[in-house]
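Me: Could you walk me through this structure before I set anything up? I'd like to start with the overall layout and then go into details.

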Protein chains: 2
Amino acid sequence: MSSGRTRIQQKNREVILEAGLEAFSEAGFRGTTLDRIAKGAGLSKPNLLYYFPSKEAIHRELLSRQLDLWLAPLRTLDPDGDPLEELLGYVHRKLALSRDHPRESRLFANEVLQGAPHILDTLQQDLRALVEDAAGVIRGWIAAGRLAPIDPVHLIFSVWSLTQHYADFDVQVRAVLGDADPFPGAERHLDAVFRRLLMPDPEKACAEAAVG
Amino acid sequence: MSSGRTRIQQKNREVILEAGLEAFSEAGFRGTTLDRIAKGAGLSKPNLLYYFPSKEAIHRELLSRQLDLWLAPLRTLDPDGDPLEELLGYVHRKLALSRDHPRESRLFANEVLQGAPHILDTLQQDLRALVEDAAGVIRGWIAAGRLAPIDPVHLIFSVWSLTQHYADFDVQVRAVLGDADPFPGAERHLDAVFRRLLMPDPEKACAEAAVG
DNA sequence: TCCTGATTTGACCAATCGGTTAAAGACACG
DNA sequence: CGTGTCTTTAACCGATTGGTCAAATCAGGA
């Protein structure tokens with residue numbers, strides 16, 4: 001009565017969302033069937049619809065539940081920290097999300113790729129505002145000469161694309177690399193890329209380049 | 001009799017493939033219905049199946065027909081050319097593909113994102129071999145000191161992800177940037193990124209950074 | 001114990017899925 | 001004209017889709 005939800009309800013809703021994540025991330029919204037989610041959750045189809053009113057409700061709940069986690073790394077940029085450290089840390093955390101939560105990445109990738117019909121509002125409002133905040137921080141660093149001059153918004157796009165690539169196109173990456181774990185190599189590569197890209201001090205950049 | 005295909009057949013097959021590209025790139029294979037393709041092509045559903053034996057045949061034809069075009073930019077790397085020019089040219093051509101053929105990009109993105117069930121063989125053989133060739137060229141440049149040291153395969157992944165991002169996640173990019181055309185900014189950004197990333201000569205890099 | 005509400009399910013629904021069939025319509029060619 | 005081929009479609013098929021409903025089952029408190 002206090003929480004409004006039984007233990008059974010909480011547990012089954014979790015099981016359903018887990019199965020839904022597995023399915024939606026693999027096949028997208030339209031490509032996913034209630035039967036498949038039900039089977040994955042070990043429940044009957046009518047029982048699914050006892051816990052969620054519709055397929056779309058499961059999808060919506062998944063998207064909104066993961067969105068905060070998904071954008072969290074970008075919120076942590078500290079204007080008073082060291083710019084290079086902050087941004088490399090961001091890249092690192094974002095790549096870790098791709099490694100540890102590839103299904104969540106593919107869930108969003110499917111959604112956006114197909115026109116973001118369920119989260120377009122959120123993108124245009126929350127995401128845009130969040131990016132604008134982060135871009136402001138980056139602009140401040142550049143203005144203070146603490147960071148190489150670069151378009152902050154496109155820089156953020158670059159972090160997204162470079163890191164999420166290893167989750168969203170995992171199959172392709174492994175097909176090209178062989179089946180070895182791509183992430184150690186990806187981590188080294190992205191660290192080197194962004195270090196070289198963002199280094200504000202020409203002399204340090206030169207030294208690094210000369211050594212490397 | 002000579003070509004084995006009537007004018008009507010050729011024209012209708014084209015119309016069907018155009019409608020199929022529109023549909024598959026938007027909704028993926030499972031999310032696309034024959035009825036939608038038929039409607040888009042202005043034909044009846046049985047008439048579709050007079051020209052193609054199945055939905056999968058349309059999809060397969062689209063994938064194989066676009067694959068060469070899609071990978072062409074990577075084949076043009078000239079070992080005897082200027083490394084920086086060659087790679088910047090590759091980035092430029094790849095970004096132009098994202099701008100001028102976003103549906104083709106999303107067609108592949110959907111396919112790979114959902115596990116590449118129809119082209120996994122091609123990825124593991126042709127694509128892998130192609131990347132290995134290109135990586136060899138890049139390694140040669142690095143060994144000759146004509147290019148900054150960098151992992152060639154991950155560099156290619158980076159080109160793919162950075163350029164295709166503007167086609168595949170177009171909706172998200174526009175949501176963040178507003179609805180202005182993202183490509184001029186993307187072009188400037190990627191040019192600057194790869195210039196800085198690949199510049200082999202420390203002094204030139206320093207000069208560029210100091211000026212920029 | 002019984003009772004009440006929470007949970008589960010078999011049977012079912014209209015709509016849509018990919019695909020088939022047979023027959024009609026359009027066309028070229030003699 | 002006629003004829004044989006190419007093209008198109010109405011009608012239909014079994015399977016699957018998202019979703020409903022009433023009845024059965026379960027769990028827990030008095």
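Reply: Read along its sequence, chain A follows the pattern α-α-α-α-α-α-α-α-α-α-α, with 11 helices and zero strands, where helices (H or I, at least four residues) and strands (E, at least two) are DSSP runs, numbered from the N terminus. This is a predicted model, in which local features need pLDDT of at least 70, side-chain atom pairs count only at pLDDT 80 or more, and totals for chains, interfaces and linings use all residues. Residues are numbered from 1 along each chain as its sequence is written, chains are lettered from A and ligands numbered from 1 in the order in which they are written, and side-chain values use heavy atoms, with hydrogens and water left out.

Me: What box do the C-alpha atoms of chain A fill, and what percentage of its residues count as buried?

Reply: Taken along the principal axes, the box is roughly 65 × 45 × 30 Å. Of the 212 residues of chain A, 53% count as buried, where buried means under 20% relative accessible area, exposed over 50%, and partly exposed in between (1.4 Å probe, protein chains only).

Me: And what about its contacts and surface?

Reply: Among contacts in chain A between residues at least 6 apart in sequence, 67% join residues at least 24 apart, a contact being heavy atoms within 4.5 Å. The accessible surface of chain A comes to about 9600 Å², and 51% of that belongs to carbon and sulfur atoms; the areas come from the Shrake-Rupley method with a 1.4 Å probe, and for residues only the protein chains shown count as cover.

Me: How many residues of chain A are in contact with chain B?

Reply: On the chain A side there are 56 residues, in contact with 57 residues of chain B. The area buried between chain A and chain B is about 5000 Å², of which carbon and sulfur atoms give 67%; buried area here is the accessible area (1.4 Å probe) that two parts lose on being put together, summed over both.

Me: Which three residues supply more of the area that chain A buries than any other three?

Reply: Those are A:L113, A:V176 and A:R196, which supply 15% of the area that chain A buries against chain B.

Me: Where does A:A116 lie, and what is its phi?

Reply: A:A116 lies in the loop between α6 and α7 (120-143) of chain A, and its phi is near 50 degrees, a positive value in a residue other than glycine. Most residues other than glycine have a negative phi. A:A116 is also buried, with a relative accessible area of 0%.

Me: What about B:A116?

Reply: Its phi is near 55 degrees, again a positive value in a residue other than glycine. B:A116 is placed in the loop between α6 and α7 of chain B and is buried, at a relative accessible area of 0%.

Me: Changing topic: is B:H189 buried or exposed, and what does B:H189 touch?

Reply: B:H189, which lies in helix α10 (residues 183-198) of chain B, is buried, with a relative accessible area of 4%. Not counting residues up to four places away in sequence, B:H189 touches A:I150, A:D151, A:H154, A:L155, A:S158 and B:Y166. B:R188 also lies in helix α10 of chain B, but B:R188 counts as exposed, at 61% relative accessibility.

Me: Last one: which residues of helix α2 in chain B are buried, and why are they on the same side?

Reply: In α2 (residues 34-41) of chain B, the buried residues are B:L34, B:I37, B:A38 and B:A41. They are on the same side of α2(B) because they cover an arc of only 100 degrees around the axis, the arc being that of the directions from the helix axis to the C-beta atoms. The face turned away from this buried side carries the exposed residues B:K39 and B:G40, while what covers the buried residues includes α1 (7-31), α3 (45-51) and α4 (55-75) of chain B. α2(B) is followed by B:G42, whose phi is positive, near 70 degrees.
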